[in-house]
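Biologist: Could you walk me through this model, one question at a time?

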Amino acid sequence: MSQTGRYLIQQISVFSENRPGRLAAIAKALQEEEINILAFFIAEADGFGVVRALVDKPGKAHEKLTGLGFNVAFTQVIAVRMRDVPGGLYEIAKILGDGKVNIEYSYAYSGKEGAVLILRVDNTEQAIRLISTQGATLLESAVFQ
Amino acid sequence: MKCWDPRIEEMPREDLRKLQYRLLKTLVYRLYSFSPFYHERMRAGGVHPDDIRTLGDIRKLPFMVKRDLRDNYPDKLFVSGPDDLVRYHVSSGTTGKPTVVGYTQHDLNNWTTSLARGLVSCGLGRGDVLQVSYGYGLFTGGLGLHYGAERIGATVLPTSVGNTERQIELMQDLHTTAIACTPSYLLHMGEVAEKMGVSIRDDTGLRMGILGAEPWSDTMKKRIEEWLGIRAYDIYGTSELSGPMFCECTEQNGFHVWGDLAYIEILDPETGDPLGPGEKGELVVTMLQKEALPMIRYRIGDITSYDDGVCSCGRTHPRVQRISGRVDDMLIIRGINVFPSQIEYALMGIPQVGQHFQIIVDRKGALDDMLVQVEVSRESFSDKITDLMAIRKGVEHKLRNTLNVAVNVELVEPGSLPRFEGKAKRVIDRRKL
């Protein structure tokens, strides 16, 4: 594994129609396999959405959801620890902005690792290099999965 | 003017049948001699022109269906040489291949004559301004009505479709007295006019609508007449017959089918047995004088009934009631024929979506709205919303180009659309006509 490889986290993305009960169906499937959802969000477009989730067993989640007929894809994201104080997000966003790395989307949660920012960027290698050389902390995938 | 051509329109029934027989006989001999397609069909059906000894013997002749036009795309069924053609029109076919109709000068003259008679029969004439809000171009509606109305000396306002506000302004400024369009477009116009603060009933001189190119009901007719304060006349045709051809007279009790131009049968769609007056069945049309693209016993697929009695207007030609349905799954969306098979064919060329689909048709306001649901294939699903949006746009674009009508596309989960083992029922039609 390359230097950056251990920071790459497998996020699952699930295509979902925009109608009642779809999220429940996904969540129920994960529960049945005892898969824990660490963070998730729903991106909504016209008539459909994509549910993006960070889970503890992405391979198993992929298998289960695909078996139920869902469209599932893996996407690589990175996780950065933020200082849980005003300006915490700014520090990370500035590093990436100054380094000309574009954030495609991002979501955050606050858990036992502190405040964590999940990022999908256009240049992951570059993002990892910038963040780790400029004093911020990346979380390894092993923390989650 | 009461009749455009009284000699024909009020011809005694017996003379009309003799004329029809003569025309049929000539047609059959001509096609047996000059059309490889009909020659082969007649031989395969074991019928020779000599076997046609009465008008009723038309039943010995083989049918023709839309598929025959597709299989012989673009012009293999034309009997006239290319030098004799003066026009083409093109309409949608059942799959990717459209239907091409060629016209000789004689064909255009008959088309125009047919409409001249029909327009006079519903009271149009000199001094009238006919706003033609059917599409001009490859579609037959616009140009057909245009020449028919000019022939009888009415003034034509060729607005074609769209830009409804401008249509309403022109209707007021140029004192439109009659409009030709689809019934749903006229209702839409009424709504747009109200939003502009214009009442078609009170603020325009509109007195009649010549409405067709889509199925409509008595309820819709009543609503149009009462709300807009006009008389609504049904007009019927398809590009294979030339275009819009036959129009209701002032009696408003079915459109007269001119017997010197066309011979109609109403058949049981299952057995092919002939049905009598008043019985609902499949309309089968033989065009008695068409030169470039002859049509013998053409099964258009429309369900209706006919009335054989002499009309109180004095015309002796049979009347056909407004179309009440289809024998196949063809849809008419904003006046355009749409076959689910066309959608199937178009989707085959788009690997990002599966071959399954569902069509949901509804009325948004007065206009048809068509939604096509397709499944995103597993291979093409990515996490990116923009990729999914691009797939949707791509499918919309392809369907619009194939069908010539705007379509909304909805992406659904794989496996979520119904699967069919027998005949697929892919259409949910929520329109209340």
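The questions and answers below go from a sheet to the cores, a helix, single residues and the contacts between parts.

Biologist: What should I know about the source and the numbering?
Modeller: This is a predicted model, in which local features need pLDDT of at least 70, side-chain atom pairs count only at pLDDT 80 or more, and totals for chains, interfaces and linings use all residues. Residues are numbered from 1 along each chain as its sequence is written, while chains are lettered from A and ligands numbered from 1 in the order in which they are written.

Biologist: What is the strand order of the open sheet of 4 strands in chain B?
Modeller: Helices (H or I, at least four residues) and strands (E, at least two) are DSSP runs, numbered from the N terminus. Two strands pair if DSSP finds at least two bridges between them. The pairing in this sheet is antiparallel, and the order is β10-β11-β12-β15.

Biologist: Why is one side of β10 and of β15 in chain B left without a neighbour in the sheet?
Modeller: Strands of a sheet pair through backbone hydrogen bonds, either parallel or antiparallel. β10 (262–267) and β15 (325–326) of chain B each have a single partner strand, so one side of each has no neighbour in the sheet. Both stand at the edges.

Biologist: Which residue of β12(B) is the bridge partner of V285(B)?
Modeller: Start from β10(B), which pairs with β11(B) over 6 antiparallel bridges. There, I264(B) has V285(B) in β11(B) as its bridge partner. β11(B) also pairs with β12(B), antiparallel, over 4 bridges. In β12(B), the partner of V285(B) is Y298(B).

Biologist: How many residues of β11(B) are buried?
Modeller: A residue is buried if 20 or more other C-beta atoms lie within 10 Å of its own, exposed if 12 or fewer, and partly exposed in between, with C-beta atoms placed from the backbone. β11(B) is mostly covered. Its buried count is 7 of 7.

Biologist: Which residues touch the most other members of the largest nonpolar core?
Modeller: A nonpolar core is a set of buried Ala, Val, Leu, Ile, Met, Phe, Trp, Tyr and Cys residues joined through C-beta atoms within 7 Å. The largest one has 88 residues. Apart from it lies another core, of 61 residues, including L30(A) and V374(B). In the largest core, the residues asked for are L119(B), L124(B), L130(B), I210(B) and V285(B).

Biologist: Which residues of helix α11 of chain B are buried, and within what arc do they fall?
Modeller: The helix spans residues 340–348, and its buried residues are P340(B), Q342(B), I343(B), A346(B) and L347(B). They line one face, because their directions from the helix axis to the C-beta atoms fall within an arc of 155 degrees.

Biologist: Is A292(B) buried or exposed?
Modeller: A292(B) lies in the loop between β11 (281–287) and β12 of chain B. Contact means C-beta atoms, placed from the backbone, within 7 Å. Beyond four places in sequence, the contacts of A292(B) include F78(B), Y103(B) and D107(B). With 25 C-beta neighbours inside 10 Å, A292(B) counts as buried.

Biologist: How far apart in space are L367(B) and P183(B)?
Modeller: L367(B) is found in strand β19 of chain B. With 15 C-beta neighbours inside 10 Å, L367(B) counts as partly exposed. L367(B) and P183(B) are 184 residues apart in sequence. In space, C-alpha to C-alpha, the distance is 9.6 Å.

Biologist: How many charged residues does chain B have on the side that touches chain A?
Modeller: The contact takes 15 residues from each of chains B and A. On the chain B side, α12 (385–403) and β20 (408–412) each supply at least two residues. Ala, Val, Leu, Ile, Met, Phe, Trp, Tyr, Cys and Pro count as nonpolar, Asp, Glu, Lys and Arg as charged, and the others, Gly among them, as polar. By class, that side has 8 nonpolar and 3 polar residues, and its charged residues number 4.

Biologist: What distance separates the centres of domain 1 and domain 2 of chain A?
Modeller: Domain bounds come from an automatic or database domain assignment. For chain A that assignment gives domain 1 (7–75) and domain 2 (76–144). Taken over C-alpha atoms, their centres are separated by 22 Å.

Methods: Two residues are in contact if their C-beta atoms, placed from the backbone, lie within 7 Å.
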